[in-house]
Amino acid sequence: MVKVTLKAYLVVIAVAFITGLAGLAYGSFFLAETEVNWWLPENLIDYKSFVSVGSMHNFSYLGGVLGLLAGIIFSIKKRSLSPMV
């Protein structure tokens, strides 16, 4: 059970990491080229980087939820494959 749980943690981390990178890519290539409807500091120097990291931050919430679901599904599948004692 410990092995499956540790592997499920790795699944959660991997999904969250990949989703965060997707958010960074989306922010860098698409969102930073548009006007966002966010609060922006008055003395903002690097608009593109700020928007890119903000997008990554927002995607991280989605990554956490998707990672949690992936970890749960992983654990359930491993349980159904293991012989019952």
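**Exercise 1. Find what the buried residues of helix 2 pack against, and list those residues.**

Solution. In this predicted model, the buried residues of helix 2 pack against helix 1. The buried positions in helix 2 are Val51, Ser52, Gly54, Ser55, Gly63, Gly67 and Gly71. Each of them falls under the cut-off of 20% relative accessible area. Now turn to the partner. In helix 1, the buried residues are Ala8, Thr19, Gly20, Gly23, Gly27 and Ser28. Their cover includes helix 2.

**Exercise 2. Describe how helix 1 and helix 2 are arranged relative to each other.**

Solution. Two packed helices are described by the angle between their axes and the distance between the axes. Helix 1 covers residues 2-29 and helix 2 covers residues 47-81. The angle at which they pack is about 155°, and their axes are 6 Å apart. An angle over 145 degrees counts as roughly antiparallel, so helix 1 is roughly antiparallel to helix 2. As for handedness, helix 1 and helix 2 cross in a right-handed way.

**Exercise 3. Decide whether Ser52 is buried or exposed, and name the residues it touches.**

Solution. Begin with the location: Ser52 is in helix 2. Its relative accessibility is 5%. The cut-off for buried is under 20%, so Ser52 counts as buried. Next, set aside residues up to four places away in sequence; Ser52 then touches Gly23, Leu24, Gly27, Ser28 and Ala32. Among these, Gly23, Gly27 and Ser28 are themselves buried in helix 1. Finally, consider Val12, which is 40 residues from Ser52 along the chain. The C-alpha atoms of Ser52 and Val12 are separated by 23 Å.

**Exercise 4. Place Trp38 in the chain and work out its surroundings.**

Solution. Trp38 belongs to the loop between helix 1 and helix 2. Its relative accessible area is 31%, so Trp38 is partly exposed. Leaving out neighbours within four places in sequence, its contacts are Leu31, Phe50, Val51, Gly54, Ser55 and Asn58. Take Gly54 from that list: it is 16 residues from Trp38 along the chain, and their C-alpha atoms are 9.4 Å apart. Gly54 is buried in helix 2.

Now take Asn58, another contact of Trp38. Asn58 sits in helix 2 and is partly exposed, with a relative accessible area of 41%. Asn58 and Lys77 are 19 residues apart along the chain, with 29 Å between their C-alpha atoms.

Technical notes: Residues are numbered from 1 along each chain as its sequence is written. This is a predicted model: local features need pLDDT of at least 70, side-chain atom pairs count only at pLDDT 80 or more; totals for chains, interfaces and linings use all residues. Side-chain values use heavy atoms; hydrogens and water are left out. Axes are lines fitted to C-alpha atoms, for helices over the stretch in contact, and angles run from 0 to 180 degrees between N-to-C directions. Helices (H or I, at least four residues) and strands (E, at least two) are DSSP runs, numbered from the N terminus. Angles under 35 degrees count as roughly parallel, over 145 as roughly antiparallel, 65 to 115 as roughly perpendicular and the rest as oblique. A crossing is left-handed if the near helix is turned anticlockwise from the far one by less than a right angle, and right-handed if clockwise. Buried means under 20% relative accessible area, exposed over 50%, partly exposed in between (1.4 Å probe, protein chains only). Contact means heavy atoms within 4.5 Å.
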